[in-house]
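Student: I am new to this one. Could you show me the sequence and the structure, and then walk me through it?

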Amino acid sequence: MNEEMLLSWPATCPYCDASFEMLIDNSVGSHSTWEDCPQCCAPIQVRVAVSPFSGELEDVMLGQDDDVF
């Protein structure tokens, strides 16, 4: 993990609607991962889209564990 590439991203839990900040590592390119909600502890599916040309963050999608991206 490259600490220079960590971005703070405002997020909302798809289960309980709690707002929180999550750190996004865009140094690894586009990827999917899981993050537990800090309020209700539900598993949040996280999909990170990074531009292959510029390396910049394009989009972050959050979903419940059974959502299909």
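Tutor: Gladly! Let us start with a term: two strands pair if DSSP finds at least two bridges between them. Strands (E, at least two residues) are DSSP runs, numbered from the N terminus. This is a predicted model, where local features need pLDDT of at least 70 and side-chain atom pairs count only at pLDDT 80 or more, while totals for chains, interfaces and linings use all residues. Residues are numbered from 1 along each chain as its sequence is written, and side-chain values use heavy atoms, with hydrogens and water left out.

Student: What is the order of the strands in the open sheet?

Tutor: The sheet has three strands with antiparallel pairing. Strand E3 (31-36) and E5 each have a single partner strand, so they stand at the edges, with one side of each left without a neighbour in the sheet. On average, neighbouring strands here are turned by 25 degrees against each other, direction ignored. The order is E3-E4-E5.

Student: Which residue in the turn of the E4 and E5 hairpin has a positive phi?

Tutor: Strand E4 (residues 43-50) and strand E5 (residues 57-63) run antiparallel, joined by six bridges, and Val46 stands opposite Leu62 in E5. Six residues lie between the two strands of the hairpin. The one with a positive phi, about 75 degrees, is Gly55.

Student: Is Cys16 buried, partly exposed or exposed, and at what relative accessibility?

Tutor: Buried means under 20% relative accessible area, exposed over 50%, and partly exposed in between (1.4 Å probe, protein chains only). Cys40, with 34%, is partly exposed. Cys16 also counts as partly exposed, at 32%.

Student: Which side chain has a polar contact with that of Asp25?

Tutor: Asp25 is in strand E2 (residues 19-25). A polar contact is a pair of N or O atoms within 3.5 Å; within protein, one must be able to donate a hydrogen and the other to accept it, and residues adjacent in sequence count only if both atoms are side-chain atoms. At 2.6 Å, the partner of Asp25 is Ser27.

Key
Helices (H or I, at least four residues) and strands (E, at least two) are DSSP runs, numbered from the N terminus. Axes are lines fitted to C-alpha atoms, for helices over the stretch in contact, and angles run from 0 to 180 degrees between N-to-C directions.
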